[in-house]
Amino acid sequence: WSSAAAVLLAGLWLLGDVLLPFVLGGASADCLDPIADRLERIGLSRLFATIVITFCAIVIFVILALLVIPTLIQQTIELVNIAPQLVQNLQLFLTEQFPQLQDSESTLRKSLQDFIATLQARGGELVNSVLTQALSIINVLVQAVLVPVVTYYLLMDWDKLVGRIDTLLPRDHVDTIRKIAGDIDKTLASFIRGQGTVCLILGNYYAVALMVVGLQFGLVVGFVAGLLTFIPYL
């Protein structure tokens, strides 16, 4: 079993890029399954419930693509362009608040200079690396096409898949396995849905509020803050 587990993990590692759309599609289908079940309870068939969810997702995506994403990209580009000026403004502000920074021999000034030098040296490399890995055009297009398709078919047959897996369980322990698996699924799904909802609500709240009060990059700040909400201290 240890050898089999090692081979399986190695295979998953090597096929990670290939399996990613199916992993994301499975996670999306699992999160959307309760909505489909609720639509079924009000009288829709599984097929029509899946179509309704897919249609709503397409509408939301189109709205985001037309209204939010262009503004987000524009503000991000403006923020990158103005970043050097913001660093100078920060240095001026810190110098006014902490006069000891004017002393070239002060520990605080040296620490600040080292931090800025490190940020300038590594910041560009980090941004380029992240953009290269995460924003590859081909990869994004493939994911954008495959993930919704995989999600659609998995969502439509989700109950059948779960039932098929259930038939493979050892009958002597089926009740115990069902209970443990159900508890795990309920806990993880609740955590993911809860954190996702909190991130969505706070991200929208921050973005709208900061843009209303006139912050130049309110949408970007709100977007980043919403994504990082799941890390409480950060």
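**View 1. Helix 7 passes helix 8 in a right-handed crossing.** The crossing is called right-handed if the near helix is turned clockwise from the far one by less than a right angle. The model is predicted, so local features need pLDDT of at least 70 and side-chain atom pairs pLDDT 80 or more, while totals for chains, interfaces and linings use all residues. Residues are numbered from 1 along each chain, and side-chain values use heavy atoms, without hydrogens and water. Helix 7 (residues 174–212) packs on helix 8 at about 160°, the axes being 7 Å apart; the two are therefore roughly antiparallel (over 145 degrees). Helices are DSSP runs (H or I, at least four residues), and axes are lines fitted to C-alpha atoms over the stretch in contact, with angles from 0 to 180 degrees between N-to-C directions. Contacts (heavy atoms within 4.5 Å) include Tyr-206 and Leu-210 of helix 7, and Leu-219 and Ala-225 of helix 8.

**View 2. Helix 3 (residues 46–97) and helix 8 (residues 218–227) cross at roughly 100°, their axes coming within 8 Å.** That makes helix 3 roughly perpendicular to helix 8 (65 to 115 degrees). Among the residues that meet are Leu-72 and Gln-75 in helix 3, and Val-220 and Phe-223 in helix 8.

**View 3. Seven residues form the largest nonpolar core: Ala-29, Ala-36, Leu-39, Ala-49, Ile-53, Leu-155 and Trp-158.** Such a core joins buried Ala, Val, Leu, Ile, Met, Phe, Trp, Tyr and Cys residues through side-chain atoms within 4.5 Å, buried meaning under 20% relative accessible area (1.4 Å probe, protein chains only). Helix 2 (16–41) and helix 3 each supply at least two of its residues.

Definitions and conventions: Parallel < 35°, antiparallel > 145°, perpendicular 65-115°, else oblique. Buried < 20%, exposed > 50% of the residue type's maximum accessible area, 1.4 Å probe, protein only.
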